Amino acid sequence: MSLYAALSICKVAKDAAGVAGNVFAFGLFVSPIPTFRRIIRNGSTEMFSGLPYIYSLLNCLICMWYGTPLISSDNLLVTTVNSIGAVFQFVYIILFLMYAEKAKKVRMLGLLVAVLGIFAIILVGSLQIHDILIRRFFVGFLSCASLISMFASPLFIIRLVIQTKSVEFMPFYLSLSTFLMSTSFLLYGVFNEDAFIYVPNGIGTILGMIQLILYFYYEGKSRENSREPLIVSYA
């Protein structure tokens, strides 16, 4: 096999992984819809956390900026997926604010302002760096850090699942979409030889797998318990 053929195969594989990542990411973006239907129906955010949407918004904005030609010239699929993601996350945050209690609402508003401020500083600050390689390293490092933070945010939900022994607040399709999207962009980053993409998505793949294992474990336990006969005492 010639070098040209090998490079062509790698490019096709990279594009295929990127497109798959975009598709699975769309599944990730729409997966909170059942959660927000419940929030709207009950008129309360209950025990649901708004932090994942805040982290996701910051991640999408920084990664969108990283994928633009001003930062990296070969990551267009990173820009497209994160542009769409930023719109979805912003809508979810607005809905969360509408139904959150006052304390949660104030906290979420503060976090939203902080996220927009941080992104503005990153955008303006990176444009002051004239060396394109240093600029790419700077934004890439931040995008990597934000991705890791986003993937780490479900750790709060994982702890809640273990404590309550219930998967009620960890939607299955959210965990599945996270795993599939992370795996796709892990491959995309490997084929593109971009450590700022494959390192955080590798971590996301592992965490997504943990969430799926926990889901099936505790969902199975719940079904077993539901089949046990109820013992009623009339003492």
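Analyst: In this predicted model, the chain has nine helices and zero strands, so that its elements, read from the N terminus on, run α-α-α-α-α-α-α-α-α.

User: What share of the 235 residues in the chain is buried?

Analyst: Buried residues make up 41% of them, where buried stands for a relative accessible area under 20%. The chain exposes about 13100 Å², and carbon and sulfur atoms supply 72% of that area. As for contacts with a separation of 6 or more, 77% of them come from residues 24 or more positions apart.

User: Which residues does the "transmembrane region" annotation cover?

Analyst: According to the unreviewed UniProt entry, the annotation covers several stretches, among them residues 48-68 and 80-99, and such annotations may be inferred rather than shown by experiment. In the model, residues 80-99 are 100% helix, with their end C-alpha atoms 30 Å apart, while residues 48-68 are 81% helix and 0% strand, with end C-alpha atoms 33 Å apart.

User: How should I read a pair of aromatic rings?

Analyst: A pair of aromatic rings is described by the distance of the centres and the angle of the planes. The structure holds eleven aromatic pairs. One of them joins Tyr53 and Tyr92, a tilted pair with 5.8 Å centre to centre and 55° between the planes. Because Tyr53 lies in helix α3 (residues 51-67) and Tyr92 in helix α4 (residues 76-99), this pair ties together parts that are 39 residues apart in sequence.

User: How many residues apart are Phe137 and Phe141 in helix α6?

Analyst: They are four residues apart, about one turn of the helix. Their rings form a stacked pair, 6.5 Å centre to centre with 20° between the planes. Phe137 counts as exposed, because its relative accessibility is 52% and the cut-off for exposed is over 50%.

User: Which residues make the nonpolar surface patch of about 340 Å²?

Analyst: The patch is made by Ile148, Val190, Tyr198, Val199 and Ile203, and helix α9 (residues 195-227) contributes the largest share, three residues. Ile148, in turn, lies in helix α6 (residues 132-152). With a relative accessible area of 30%, Ile148 is partly exposed, a class that runs between the buried cut-off of 20% and the exposed cut-off of 50%.

Definitions and conventions:
Residues numbered from 1 in each chain as written. Predicted model: local features only at pLDDT ≥ 70, side-chain atom pairs only at ≥ 80, totals over all residues. Heavy atoms only, no water. Helix = DSSP H or I, 4+ residues; strand = E, 2+ residues; numbered from the N terminus. Patch = residues over 30% accessible without salt bridge, like charges linked within 9 Å, V, L, I, M, F, W, Y side chains within 5 Å. Areas by Shrake-Rupley, 256 points an atom, 1.4 Å probe, with all protein chains shown as cover. Salt bridge = Lys/Arg side-chain N within 4 Å of Asp/Glu carboxyl O. Buried < 20%, exposed > 50% of the residue type's maximum accessible area, 1.4 Å probe, protein only. Contact = heavy atoms within 4.5 Å. Phe/Tyr/Trp six-rings, centres within 6.5 Å; stacked < 30°, edge-to-face > 60°.
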